[in-house]
Amino acid sequence: MEDVATDSSTTRATSSNGSAGTERPRRTRRTRMTGAERREQLLDIGRTLFAEKGFEGTSVEEIAAKAGVSKPVVYEHFGGKEGLYAVVVDREMRSLLDGVTGALTAGHPRELLEQAAFALLDYIEKYTDGFRILVRDSPVAQSTGTFASLISDIATQVEDILGLEFKARGFDPKLAPLYAQALVGMVALTGQWWLDVRKPKKAEVAAHLVNLAWHGLDGLEQKPRLIGHRKS
């Protein structure tokens with residue numbers, strides 16, 4: 001158990017004849033934080049600082065000071081700044097991946113595109129700090145990899161949907177991974193741009209993304225050709 005706060009108050013001393021005497025401090029009652037609560041507190045503080053200053057710009061001293069603890073407490077829970085950062089990144093990656101893949105519920109391909117676009121934009125809007133951390137270069141190896149590998153994981157989910165659609169339309173389903181990467185990458189990079197500008201509104205951004213993606217797919221050529229001179 002770890003100390004997090006104290007409360008203080010005073011009691012009034014009384015004389016033997018019952019009259020009020022001078023006030024004296026009452027013994028303070030110490031409130032304690034469990035190890036799990038302290039860990040969550042450090043994760044919240046680290047998440048905010050990493051989003052604001054990046055990994056290199058954040059120090060263990062600053063994390064500890066914000067939490068009101070000594071540096072050894074941070075090392076005890078995470079082994080250092082790298083360990084804390086790794087847990088923060090891993091949580092954010094899982095949250096985004098679960099949000100996007102969980103949103104893919106509709107049967108119509110166009111609505112699936114809308115759901116994927118909204119899922120990413122919803123995450124950016126609700127967990128802005130988390131997305132800022134994800135789009136930075138990761139200085140340490142993570143269990144779920146980098147942001148690029150996360151996008152690849154999401155694209156894998158879309159790939160299966162595209163593969164079925166390609167097969168139904170007479171296109172080569174082997175090309176589905178390429179198109180899935182292109183579509184998800186387009187949404188992710190647009191989301192990264194929207195992170196700072198926040199214009200136009202989320203629904204309008206999603207509509208334009210789907211407009212480009214859907215009509216691009218709708219007019220897809222079975223054997224696209226280059227019109228320039230370069231062929232390789």
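## Overall picture

Of the 232 residues in the protein, 36% are buried, and the model that shows this is a predicted one. The secondary structure comes to nine helices and four strands, and, reading from the N terminus, the elements follow the order β-β-β-β-α-α-α-α-α-α-α-α-α.

Among the contacts in the protein with a separation of 6 or more, 64% are accounted for by residues 24 or more positions apart. The protein exposes about 14,000 Å², and carbon and sulfur atoms supply 52% of that area.

## Helix H5 and what covers it

Helix H5, which takes in residues 109-126, has 18 residues and reaches 26 Å from its first C-alpha to its last, a span close to the 26 Å expected at 1.5 Å a residue.

The buried residues in H5 include Leu112, Leu113, Ala116, Ala117, Leu120, Leu121 and Ile124, and Pro109, Gln115, Ala119 and Tyr123 are buried in this helix as well. What covers the buried residues of H5 includes helix H4 (81-103) and helix H6 (128-134), together with helix H7 (147-169), helix H8 (176-197) and helix H9 (202-218).

## The loop between H8 and H9

The loop between H8 and H9 holds arginine 198, whose phi is near 55°, a positive value in a residue other than glycine. Arginine 198 is partly exposed, with a relative accessible area of 31%.

Proline 200 is also found in the loop between H8 and H9, and the peptide bond that joins lysine 199 and proline 200 is cis, with an omega of about -5°.

Key:
Residues are numbered from 1 along each chain as its sequence is written. This is a predicted model: local features need pLDDT of at least 70, side-chain atom pairs count only at pLDDT 80 or more; totals for chains, interfaces and linings use all residues. Side-chain values use heavy atoms; hydrogens and water are left out. Helices (H or I, at least four residues) and strands (E, at least two) are DSSP runs, numbered from the N terminus. The expected span of a helix is 1.5 Å times one less than its number of residues. Buried means under 20% relative accessible area, exposed over 50%, partly exposed in between (1.4 Å probe, protein chains only). Contact means heavy atoms within 4.5 Å. Accessible areas come from the Shrake-Rupley method with a 1.4 Å probe; for residues, only the protein chains shown count as cover.
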